[in-house]
Amino acid sequence: MHNLISNAGKFTLQGEIVVRCIPVDGGGVSISVKDTGVGIAAENIERIFDHYSYLSRSAKSNIAGTGLGLSICRALIKLMSGTITVNSHLGKGSIFTITLPNSPASNASAAVDSKATIPDEDIDR
């Protein structure tokens with residue numbers, strides 16, 4: 001979320017940034033970050049998720065960053081069995097939407113209840 005909100009701020013020189021969080025039918029959550037920034041051309045949407053991606057030299061020279069944020073976001077969201085989508089238009093802004101499922105209750109409680117044990121002979125080391 002930090003990366004998406006930070007990017008919205010970098011690319012929105014005037015206008016607004018709106019963050020919404022809503023429940024999803026069947027469980028889970030949908031979180032969107034909408035801005036009125038510079039927007040992204042349709043042909044560049046997938047490129048923004050590439051490692052070290054910048055859409056133009058001028059963007060790279062004027063805006064700080066490594067070009068890794070969105071690729072890391074997508075990888076982390078995928079690890080959580082979620083999705084990230086982008087709806088954007090040049091000169092009008094972008095909406096990034098993350099959808100994450102509920103964690104299965106059995107997995108969540110198992111993670112909390114599990115305890116590692118150390119054999120007695122390893123304690124003295």
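**Side chains, a salt bridge and a pocket**

Modeller: The side chains of S88 and S94 are joined by a polar contact of 2.6 Å. Keep in mind that this is a predicted model.

Biologist: Which backbone oxygen lies 3.1 Å from a polar atom of the S88 side chain?

Modeller: That of G93.

Biologist: Where is S88 found, and is S88 buried or exposed?

Modeller: S88 is in strand 3. S88 is buried, at 8% relative accessibility. The cut-off for buried is under 20%.

Biologist: What else does S88 touch?

Modeller: Leaving out residues up to four places away in sequence, S88 touches G39, I40, I45, G93 and S94. So G93 and S94 turn up both as contacts of S88 and as its polar partners, G93 through the backbone oxygen and S94 through the side chain, with S88 itself counted as buried.

Biologist: Switching to T36. Where does T36 sit?

Modeller: In the loop between strand 2 and helix 2. T36 is partly exposed, with a relative accessible area of 32%.

Biologist: Which backbone atoms does the T36 side chain reach?

Modeller: Two to note. The backbone nitrogen of E16 is at 2.8 Å. The backbone oxygen of Q14 is at 3.4 Å.

Biologist: And which residues is T36 in contact with, leaving aside neighbours within four places in sequence?

Modeller: T12, Q14, G15, E16, K92 and G93.

Biologist: How far apart are the C-alpha atoms of T36 and G9?

Modeller: They are separated by 9.8 Å. Along the chain, T36 and G9 are 27 residues apart.

Biologist: What about S30, buried or exposed?

Modeller: Buried, with a relative accessible area of 13%. S30 lies in strand 2. Leaving aside neighbours within four places in sequence, its contacts are R20, C21, I22, V24, T97, I98 and T99.

Biologist: New topic. How many salt bridges does a search of the whole structure find?

Modeller: The search finds 1. E46 pairs with R74, and the closest N and O atoms are 3.1 Å apart. E46 is in the loop between strand 2 and helix 2, while R74 is in helix 3, so the pair ties together parts that are 28 residues apart in sequence.

Biologist: How accessible is R74?

Modeller: R74 is partly exposed, at 31% relative accessible area.

Biologist: Where does S81 lie, and is S81 buried or exposed?

Modeller: S81 lies in the loop between helix 3 and strand 3. At 59% relative accessibility, S81 is exposed.

Biologist: Pockets next. What volume does the second largest pocket have?

Modeller: About 180 Å³.

Biologist: Which residues line the second largest pocket?

Modeller: The lining is M1, N3, I31, G69, I72, C73, L76, I77, M80, I98 and L100. Helix 3 gives the largest share, 5 residues. Helix 3 and strand 4 each supply at least two.

Biologist: How many lining residues of that pocket are nonpolar, polar and charged?

Modeller: There are 9 nonpolar and 2 polar residues, and no charged ones.

Terms used. Residues numbered from 1 in each chain as written. Predicted model: local features only at pLDDT ≥ 70, side-chain atom pairs only at ≥ 80, totals over all residues. Heavy atoms only, no water. Salt bridge = Lys/Arg side-chain N within 4 Å of Asp/Glu carboxyl O. Helix = DSSP H or I, 4+ residues; strand = E, 2+ residues; numbered from the N terminus. Buried < 20%, exposed > 50% of the residue type's maximum accessible area, 1.4 Å probe, protein only. Contact = heavy atoms within 4.5 Å. Polar contact = N/O pair within 3.5 Å; in protein donor to acceptor, adjacent residues only side chain to side chain. 1 Å grid on protein atoms, 1.4 Å probe; cavity = no way out; pocket = protein on both sides within 12 Å on 5 of 7 lines; lining within 4 Å. Points joined across faces, edges and corners; volume = space filled by probe spheres on them. Nonpolar A, V, L, I, M, F, W, Y, C, P; charged D, E, K, R; others polar.
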